[in-house]
Amino acid sequence: MNVAFDPWIPVMTMSGESQLASLYTIFTEGEGLADLAVRPHERVALMRLFICVAHAALNGPQNYDEWCKVPERLREAASEYLKAWKDSFELFHPTKPWLQVASLKPSKENDEDSLTSVNKLDFSLASSLFNHFQDTKEIVFTESQLAIGLLTIQNFSTCGLISQPIWEGTLTAKSAKDAPCIASSMYHVFLLADNLYTTICENICDFNELTFLYNNKKDLWLGRPVWEYESIKKANDSLTQTFLGRLVPLSRAVLLKKGSSRMLYGEGLRYKSFPEYTQEFNTSVTIRIVKKKEVRVLVGAKTWSRPWRQLDAILQYNQQDRTISQHAIPLNHLSGKPIDIWVGALLRNPGKQDILDTVESRFHIPEQLRSANGCATYAHEVEESEKIFNKLDKAIYFYKSLLDPVGNTSIGSSALSYYWTSVENNLLLLMAYINAIDTDNAVQKKETWHKMLFKSACEAYQLVCNKDTPRQMMAFLK
């Protein structure tokens with residue numbers, strides 16, 4: 001299978017049909033494709049692959065003028081590039097398999113225990129209860145599933161104990177480090193457009209912006225994609241520290257066997273994570289107060305918080321000092337215009353192998369929200385929603401303590417879920433208020449949003465606090 005020219009990427013056509021497409025098709029016929037049809041972590045890995053191919057094919061864009069010409073240049077440039085590097089995209093190439101280590105060997109000859117199930121490539125088979133993966137029935141993956149699983153695991157594999165095949169004459173490490181995209185369950189953000197081809201074009205940055213992202217270290221940031229190397233060595237700073245090298249990483253040393261449900265699997269190259277290394281492309285860094293000190297942290301998914309509650313930290317249009325914090329969309333060429341974005345993450349147990357959940361949301365970001373005042377107002381209103389939730393928490397605690405002073409007085413999970421689900425379902429009211437800033441409708445839109453917050457809290461309160469008996473009624477009213 002050739003991942004450049006054979007279909008393997010799940011996409012949605014403009015008519016709503018699902019099909020598989022090749023890299024070549026996406027770059028040459030992508031205007032007829034509406035979007036990807038994949039899970040959140042797969043979308044991140046695929047978008048990073050598309051952006052890597054685009055930059056390598058264009059050898060740019062160098063500046064804003066070249067960026068403006070990307071839509072008309074990329075189709076032909078990517079077509080020529082993929083044809084020139086066709087052999088490097090062969091999934092089962094005898095000497096240079098795509099995103100694999102051809103020289104990898106088992107620690108013991110003819111030892112099945114040296115092999116790992118290809119189930120490892122599919123995060124949907126993860127279990128957060130016992131181990132990273134349940135080694136139940138082994139699955140023989142299709143070549144399309146192998147390709148997308150291989151690409152995804154290189155971006156998102158978690159740290160921990162791992163099997164030890166032989167690479168360059170020695171065993172690979174017993175304990176692996178995180179892949180580049182998993183640290184802190186970081187949010188990845190991409191612009192969305194009318195079709196897949198335009199989406200790729202809009203997410204490409206010119207070299208001036210990338211230089212800024214990499215703190216003006218021009219000797220580090222560009223690099224070459226992994227498939228352009230004749231062979232991969234364990235110590236390769238040009239891959240682990242450069243922009244193109246990290247977009248499609250080789251964090252795991254893998255060797256697949258055609259038609260087999262087993263593979264060789266060990267630690268690959270080691271990629272430094274934030275703050276040892278600058279943030280990944282299309283992620284956010286913000287300021288948090290930790291033990292009364294300001295600390296720069298990645299903006300990531302939390303089990304208790306949906307992406308909309310951290311949208312100001314993701315966008316950071318209210319942050320003037322970009323040397324302190326960094327927003328997820330370095331593309332400034334669309335400033336002042338409304339945009340649509342996708343936000344997603346793979347939620348993991350911090351420091352563990354456990355995969356807890358996937359998270360994704362889509363947002364329309366109006367022009368007002370892309371201003372300092374609009375973003376600050378949005379952040380303030382999120383705080384208001386959290387203040388009302390805290391009042392709800394105290395009210396339920398007080399209700400339960402009156403009925404049973406020594407019993408369980410914690411807030412009911414059903415009330416928590418109801419409140420935040422109701423608020424999220426009504427985010428259009430908040431966006432309407434943001435759009436109305438500095439207009440005569442601002443006060444009325446703000447009141448509508450606040451009334452919804454209070455109504456949602458009251459409904460959540462009634463959901464878990466009964467008033468059937470006189471004692472319950474008294475506690476309910478108090």
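This briefing describes the overall build of a protein model and then several of its local features.

The model is predicted, so that local features need pLDDT of at least 70 and side-chain atom pairs count only at pLDDT 80 or more, while totals for chains, interfaces and linings use all residues. Residues are numbered from 1 along each chain as its sequence is written, and side-chain values use heavy atoms, with hydrogens and water left out. The secondary structure of the protein comes to 16 helices and 15 strands, where helices (H or I, at least four residues) and strands (E, at least two) are DSSP runs numbered from the N terminus.

**Overall build**

- The radius of gyration, taken over C-alpha atoms, is 25 Å, close to the 23 Å that the globule rule gives for 478 residues, so the protein is as compact as a globular protein of that length; the rule itself is 2.2 Å times the number of residues to the power 0.38.
- Along its principal axes the C-alpha trace spans about 80 × 55 × 50 Å.
- The accessible surface, from the Shrake-Rupley method with a 1.4 Å probe, comes to about 22,000 Å², and 50% of this belongs to carbon and sulfur atoms.
- Of the 478 residues, 53% count as buried, a term that means under 20% relative accessible area, with exposed over 50% and partly exposed in between (1.4 Å probe, protein chains only).
- Among contacts (heavy atoms within 4.5 Å) between residues at least 6 apart in sequence, 68% join residues at least 24 apart.

**Nonpolar cores**

- A nonpolar core is a set of buried Ala, Val, Leu, Ile, Met, Phe, Trp, Tyr and Cys residues joined through side-chain atoms within 4.5 Å; the largest one has 89 residues, and those with the most contacts inside it are W8, F27, F50, L74, W98 and W227.
- Helix 2 gives the most to this core, with 13 residues.
- A second, separate core of 53 residues includes Y187, V189, W308 and I388.
- Leaving aside neighbours within four places in sequence, W98 is in contact with residues including V3, W8, L49, F89, L151 and W227.

**Helix 4**

- The 15 residues of helix 4 (residues 70–84) should span 21 Å at 1.5 Å a residue, which agrees with the 20 Å between its end C-alpha atoms; the expected span is 1.5 Å times one less than the number of residues.
- Its buried residues are V70, L74, A77, A78, S79, Y81 and L82, and they pack against helix 1 (23–29), helix 2 (40–58), helix 3 (64–68) and helix 6 (196–202).

**Strand pairs**

- Strand 9 (residues 188–192) has five of its five residues buried, with H188, F190 and L192 on one side and V189 and L191 on the other.
- Strand 9 pairs with strand 14 (residues 339–348) in the antiparallel sense over five bridges, pairing being assigned if DSSP finds at least two bridges between two strands; the bridge partner of V189 in strand 14 is V343.
- Strand 12 (residues 285–290) and strand 13 (residues 293–298) also pair in the antiparallel sense, over six bridges, and T286 stands opposite V297 in strand 13.
- In the hairpin of strand 12 and strand 13, which has two residues between the strands, K291 takes a positive phi near 50 degrees.

**The loop residue N466**

- N466 lies in the loop between helix 15 (442–464) and helix 16 (470–477), and counts as partly exposed at 39% relative accessibility.
- Leaving aside neighbours within four places in sequence, N466 is in contact with Y399, Q472 and F476; the C-alpha atoms of N466 and Y399, which are 67 residues apart along the chain, are separated by 9.5 Å.
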